[in-house]
Amino acid sequence: MAAASITRLQILSSSPSPVKIIKRSSAFLSKIPPIHNHYHHRSRKFHTTLCCSTSNPSRTLENGSIVGDLLDYLNESWTQFHATAEAKRQLIDAGFDLLNENEEWELKPGGRYFFTRNMSCLVAFAIGEKYSVGNGFHVIAAHTDSPCLKLKPRSASSKSSYLMVNVQTYGGGLWHTWFDRDLSVAGRVIVRGSDGSFLHKLVKIKRPLLRIPTLAIHLDRTVNKDGFKPNLETHLIPLLATKSEEGSSEAKEKNIESSKAVHHPLLMQVLSDELSCSIDDIVSIELNVCDTQPSCLGGGNNEFIFSGRLDNLASSYCALRALIDSCESSSDLSNDTAVRMIALFDNEEVGSGSVQGAGAPTMFQAMKRIAGCLARNNVNEGAIERAIRRSFLVSADMAHGVHPNFMEKHEEHHRPEMQKGLVIKHNANQRYATSGVTAFLFKEVGKIHNLPSQEFVVRNDMGCGSTIGPILASGAGIRTVDCGIPQLSMHSVREICAKEDVDIAYKYFKTFYQNFSSIDKKLEVD
């Protein structure tokens, strides 16, 4: 476990005599694996936890922590497509049955199932063995997308002597953080098969491929005083390569091809090499620009997670693992009367208004189909409506932890801190769907194992963000609480949260699945 995380720097710094090591033969040093191989060649027998510091990270995985697994998930999930595909793989490995929305379903109490939509949205559920039609659904919902740059439909462009890649901004990113990063591309492509069919494939170029350079301060003397204010259309264009020298006829031909191409031939060649197919067989691409730096642990005590896409893959993974682990043995569902469910949606960062977003009736349709399938044609009046009224949704999306350098940005009495537990979000104007009742019930879940929680309210003189909670609550009529893991640098290319809060969220969600039915029975409102 720890050995898989050792870097060149760790090996050198842990020696009592670094000079002796440096004098060793180059043949020995060449056997030391580079850090970028740790994640890509991971074994499922151990975690490949990457640490930004040089101290031993093995203690981070003790006591049932899922932090190491989360790092693996983050490093695998460069895009919403990869996040969904990795969740799909883990569900299949855990024994869940894959369903198809286009086909009839055959479900039974005690069964575990899931389906995907657009390979960027996923719904998974486990049916209690004592479930009867009209009983509720206990759902945790999150989202798979994060702010990023996406290639435009015609991405090829040239400036000066450089090949550039045209991009469009997705979501509300902190775009200045994307400058001077080692970037690459990942996403999905459609490939023509040898038999004339079309294949949907995911692709990820793991090496640094692109870069958006900042302007040197010598050419922008007032930037530190006036602020860095890049034009997102003209300044946020990644460099791919330099143009070929004009001397040879071959170089001229390549430059002409590149100027006429929808996407640079060089980029298409890189993709075709990765996919082991010809360029002509790639008929469509949908790519994100991604940061290549691996997710890792950091801080003086390795208490932090440094990563891109924490918002909201951290919540997605905690929900996924909580569902899988809450019903991993045959007895886990034996006394459950409800349906345990996760719903991971795409496009939250741009309003959820898509077929794979929370604005679509995906979750409601799944509930309706589950109830109808288990009714065996004996559906009583208002069965699905009664089921939804008995249901409860945990909308899990990352929360704003108080920033030590900008404490005034938080309401004085609602300043969530890292390593202090899940944050329950409130907003009187319904930007969050939490009510006094749903907050109380969710806190009762945490009390079972003394799991801490905090509360967040935005200042009255500031606008409040929102998430999928109000969309699902109003769309389906389901009781909802909005909560999240506190973090800093939200929507930066590189974010930060505390590993302890990840484990708290996982335990909270798992307890929710295991105990909410008994808690809900104790309170009647209507």
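Predicted model: local features only at pLDDT ≥ 70, side-chain atom pairs only at ≥ 80, totals over all residues.

In what order do the strands of the open sheet of 9 strands come? I read β1-β2-β3-β13-β4-β14-β18-β16-β17, with mixed pairing. (Strands are DSSP runs of E, at least two residues, and helices are runs of H or I, at least four, numbered from the N terminus; two strands pair if DSSP finds at least two bridges between them.) The edge strands are β1 (97-98) and β17 (453-457), each pairing on one side only.

Residues are numbered from 1 along each chain as its sequence is written, and side-chain values use heavy atoms, leaving out hydrogens and water.

Next I checked β4 (residues 137-143). It runs parallel to β13 (residues 339-345), joined by 7 bridges, and V139 stands opposite M341 in β13. I also found α15 packing on the sheet, touching β4, β13, β14, β16, β17 and β18 (contact means heavy atoms within 4.5 Å).

Then I turned to α13 (residues 436-447). Its buried residues (under 20% relative accessible area, 1.4 Å probe, protein chains only; exposed is over 50%, partly exposed in between) are T438, A439, L441, F442, V445 and G446. They fall within an arc of 165° seen down the axis (directions from the axis to the C-beta atoms), so they line one face of α13. On the other side, G436 and K447 are exposed. Among what covers the buried residues of α13, I noted β14 (392-396), β16 (422-426), β18 (479-484) and α15 (499-520).

Definitions and conventions
Axes fitted to C-alpha atoms, helices over the stretch in contact; angles between N-to-C directions.
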